[in-house]
Every structure is written in C-alpha cells, then in structure tokens.
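Let's walk through this one together, question by question. Here is what we'll be looking at.

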Amino acid sequence: MLAVSNLTMRFGGLTAVDKLSFEARAGEVTAVIGPNGAGKTTVFNCVTGFYRPSSGGIALTHPGGARFALEKMPGHRIASRAKVARTFQNIRLFAGMTVLENLLVAQHNRLMAATGFGVVALLGLGSYRAAERAGVEKARHWLERIGLIDRANDVASALPYGAQRRLEIARAMCIDPVMLCLDEPAAGLNPRESEALNQLLLSIRADGCSLLLIEHDMGVVMRISDHIVVLDHGRKISDGTPEQVRADPAVIAAYLGEGDDDE
Amino acid sequence: MRAALRDAFLSAAIALGLFAPLVGLVLDNGDQGLVLRGRPIAAAVLVAMVFFGRLGMHLWADRPGKEARAVKRGLVVPTGANRFLAPALLAFAVLLPLTGSRYYVDLGTLVLTYVMLGWGLNIVVGLAGLLDLGYVAFYAVGAYSYALLAETFGLGFWTCLPLAGILAAFWGVLLGFPVLRLRGDYLAIVTLAFGEIIRVVLINWVAVTHGPNGITDIPRPTLFGLRFSMDGGEGTVAGFFDIEPETIQRVVFLYYLILALALLTNWVTIRLRRMPLGRAWEALREDEIACRSLGIDVTNTKLTAFAIGAMFGGFAGAFFATRQAFISPESFTFIESATVLAIVVLGGLGSQLGVALAALVMVGGLEMLRDLLSTLGEQMGSELFSGLAGDLPTYRMLIFGLALVVMMVLRPRGLVSGRTPTAVL
C-alpha cells in the first residue's frame, strides 16, 4: 500500500532520516517507534507532505489500483487526492469552532464541489442542500462513533483532552482516507481512554482503512499493531511483527542505550 | 486603598513628565519671532484627570463581587442583542430619510459607507484572519475604476459598478499571489506598503489619473435611466414623476443605494459563512496547518477571501466616486485603512452587528459630538465649546486611540464578541 524507499531528509547538516525503506500493507496497522529524536515525526511529515524529502520515494497505491508519488505532490493534494489523513502530536483542532463545524470543514472539498462555484449555494438551491445534509449525516455518524454526539454544538476547545484526541481522529476520517497517519494518539491519555482509543483504531482498521502510527505507549503499540518499524538516529534498526521486534536485541539496545560505543 | 493611591500618584507623575513639556509649554508668534509661553493650568488639569481617572479605575476594579461578574461577562452570548438590535438598526436605517433632514441623510450615507467597508474588511480580517492594513487600496481602485471608465468611455454608474468590483478583486488577487505565503505581521506590513504604492501611483501617474488634481465631474448615478437633474425636463426623475426637482431627492437616492450595497455585502457574508468556503476561512484563521492536512487548498482559500473582500471595497469605492463627483488621492490615505480596521476590531472580529455598531459610533458619533459642541457653543456663547468643536477633527485620532484602549480593557474581544455556529445538530 505505502512503500517508502531510500527516504532521506536533511535539515542543513543534520540528517534526520537516512535512506529509510519500509512498507505499510493495506488493511494493517503499521507502527513506527523509536527513541526521542529518532526521526519518526520527520518520516510522518514527509509522508503527509509537510516536508519535501531530500531524496527517495514514497509511493502510495490505492486499493482501486491508482498510484501516487507522494514525494512530488503539494501538501493539500496528499489529503484531497491521495486520501492520506493525519493527526498531530500536539492536537490541532479548530479551537474556536464547534465540534460539528470541525467535522464539516474536513469535508470541505466534497461540499465545495457541490456549491457550484458558490453561486448555487449562495442562492440556497437544492443540490447543495442535499450535499450539506449528507455532510452533517456523516459528521453525526462519526460523533456517535467517538461518543461526542451530545457535545456536537460545543466549542472544540471546551472538550476534555481525551475527547479532543478522538475528535481529531474523527475529523481526519471525514476526508474518507485510505490511510490514516496518527502522531502519538495515546499521548496524555489515561489507561481507560487509551483502551477506548485502541477500540476506535481497530474499528477504523476493520472498515478497511490502513493505519500508520507513531507511538510511545508500548501498551498501545504492541496490542494493536500488525507490523512495527523501529527507527534510531534516522535509520531503520528493526522491522517485523510485534513479537519479532520485542525480541530483537538491536531494539533493546536502542531503547536502553547500550552498545553505542563498540559498534 | 493605599496601593491604589500610590499607583495613582505614580501615574500622575508620569503624566506630569509627559504633559509638562508637551502641553505646558507653547510656542507663540511674539513681536520679535517666537516666544515661549507657559500653560501651567492646562497641564495641571490633565495631570489631575490622570490621577483621578487612575484612582477611579482602581476603585471600580476592586469593588466587591468582581469575580461573579467576570464569570457572567465571559458567558454572555449576544444572541438576544442580535435578535432585537439588528432588526431595530435596520428599521432605523430604512426610515432615516423620512426625517427629511439633509444633514442626517448625508451623515447616514457616510456611516453606511464605513459600515460597508467594515463588512468588506471583516471578510479578510475577521473571518480569514489575514491582517490587511492596505484595504484602502481596493477602495481607491474601485473609485478610480469608475471615474476613469466614465471619463474615458462615457460609461454609466450601473455598468461601472460591477466592473469596479471586478477590477478591485483582480488587484486583490494580484496582491495576494506573492504575499499570502506571509503570515501575521509580515502580511500586515506588505499590505500596508501596497496601500501606499497605489496612492503614490495615483499621485504620480499624472497622464492617466490627473495626479493630485484628481478627477472632477464624475457622473451621478441614474434611477433606471432617469437622471437626477435640476432642470426637471425629459429623462429626469423629477420630470418623469412630475414633481418639483430638489437636491434632497438625489441625496436620499444615494443613501438608499449605499444601504442596498451594504446590505448586499452583509447578505453575501452571512451566506458565505454558512458555506464550505466561509467555514474554510474561519478554519484557516484557527489553524492553517490543520487545514492543509485536511486537503484544503490554503492559497486558493486565502485568495478568495482577499478577492471577495477587495470586491466589496471596490463597490464602495465606485459609490464614493459617484457620490462625491470628485476624487483625488487625498481621499485614500492610510488613515482610511486604519479607521476601517479600527471599526472592525472595535466591533468584534467576525461580528457583522458589531462592525455596524462600531461604524455608527466611530463615524456617526464623532460627527454628532462635533455638532452638539458647536450648537452648545453658539447658544451659550461659550468660547470653550465652539473652540472644542472646531478642534475636534484634530483630536479624532486621539479619541480613536482612547476608544481602542478603553475597549481593550473592558471588552478585549470587541463590542459584540462570541460567534454563532454555522451549523447545529
């Protein structure tokens, strides 16, 4: 589904990601883990178009067969055409807007197409109204799924932290992605919230959306991932199922900081 | 109390340091050149005002029950105000010409011009969150578009009105392309420069714009092809309706014209806010990066905000040209941009009602105050009041500044804060 090959990202003299190659298969949860500063978020930003890689390729294949070279696409096209959605490490909701509005903004491109250059919608004609209703229905579906239907008309910044995380995921899902990239979704959640998050992510996977995930919370990673890629200092040090990775001496060394001097 | 007194003394000391040289000393024309004259009483009055004002502020802030009120103020959502105040204002605006007073109708036209400019700028600043300090440039483009098209090709007002809007929008896009990658302060500085560039071009491109002399004899608008003319003959409004030709007819017509244009701006803005485009603008103001991650074309969205805001500025400019029948670069200085921006900020970013109220207070209120003072001066034969009335335009900016400071202290989010959601479940 997603094939990253020889991805390199340099910031001036610093090489944050160095010739990284990995694959994320369709319908799986792929986790990218590694110590702080290993380059996880940089990989993410390359995949979702926020950084343009120094070299290397990122190829995405849709289940329908359409192929996209993400490293060449402008940032917003990656979401609108290639259908890769993402969330952020520090939540980025539209804080002053309501929960429902957050989900409607996410459906911007579809609704915008129904407005007929604004004229149809400005006059309040039927075809736009139908599209708007469908948008609200979709938002309602997701609000029910994340358990925030009662708070649809509240301002997003008034939600508790865990609910904001769930809302951000729902918002990303409203663009109908084929792949959802989550940057530390469990950060700052209590055990109960993090369990609810696991259920939500597994249900998203069951719907056929692939997930790419950066996470520090090993409980979440080990329980829901099908496939784990371990990074350290911008290089891949391990790649496999949770069991394989857990047993890999290189991973243990990276996390415990052993063996740096004799390599 | 002791702390309040000490703070008041401190403020008075600072005021003394400022006002003693600035107000206390005056240069006058003496018999032999300039003489330095003292004005101790004026300075002392100002220092005393600062002292008691500061003391009063402290006592007001420390009065009991402060917390409870603060909480309440935070929760006030002015839906009630919106529901009753807006129709009341609209009814007032529609009925105003019935007073038959040329003074009030002229003043109303001026206020409505600023309301329209405020609503237009509100799209750019209030909704899309792009700080534009050069809005007057689009006003100027609209005004000169109409004036030049009328002069060169003899086109009428109604043909030129959409053209002026389109040309202003075109300049909005042209400016937008290079600068919209900038954010916040940087964008503000570039738009400020753009406003000045347009004005300087208007002054110096004498062959086209007649430079500082401006353009005269700009044609007045017609009512379905009927002219407002004093001769009362064939093809004039007075002749068609068989009534006595009077100047007030044209004045009232212009008033309703700007009222209609302003309401059009308002209607389009309200509709757009509930549409994907308007929501994208507000989302852009909240978080540009999140917008990008959701597949929203940030550049296009900003450009549409700029273009639509500029278009309404252009409409207002064309109206200004036809109303004055004379325009010159003098009318399009930075002060105009600052006034419109002050109206938007004072009214409450994004609030349509707030902008209208702020324009009413800042433009209409100041004019009424001057009128009141000069009437008082005449009736009481008081030098002080008539002098103040004459000086009031000079103090305009001081009053603006004071109003802004007071607003920042009392209602930091503007006269009407709080936004209505664009969709509810």
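**Where the chains meet, and some rings**

Reader: How many residue pairs are in polar contact between chain A and chain B?

Author: A polar contact is a pair of N or O atoms within 3.5 Å; within protein, one must be able to donate a hydrogen and the other to accept it, and residues adjacent in sequence count only if both atoms are side-chain atoms. This is a predicted model, where local features need pLDDT of at least 70, side-chain atom pairs count only at pLDDT 80 or more, and totals for chains, interfaces and linings use all residues. Side-chain values use heavy atoms, leaving out hydrogens and water, residues are numbered from 1 along each chain as its sequence is written, and chains are lettered from A and ligands numbered from 1 in the order written. With both residues at pLDDT 80 or more, the count between chain A and chain B is 11.

Reader: Which residue of chain B forms a salt bridge with Glu132(A)?

Author: A salt bridge puts a side-chain nitrogen of Lys or Arg within 4 Å of a carboxyl oxygen of Asp or Glu. The rule finds three across this interface. In one with closest N and O atoms 2.8 Å apart, Glu132(A) has as its partner Arg279(B).

Reader: Are the rings of Phe138(B) and Phe306(B) stacked or edge-to-face?

Author: Rings of Phe, Tyr and Trp (its six-membered ring) pair if their centres lie within 6.5 Å; planes under 30 degrees apart are stacked, over 60 edge-to-face, the rest tilted. Here the centres are 6.4 Å apart and the planes at 85°, so the pair is edge-to-face.
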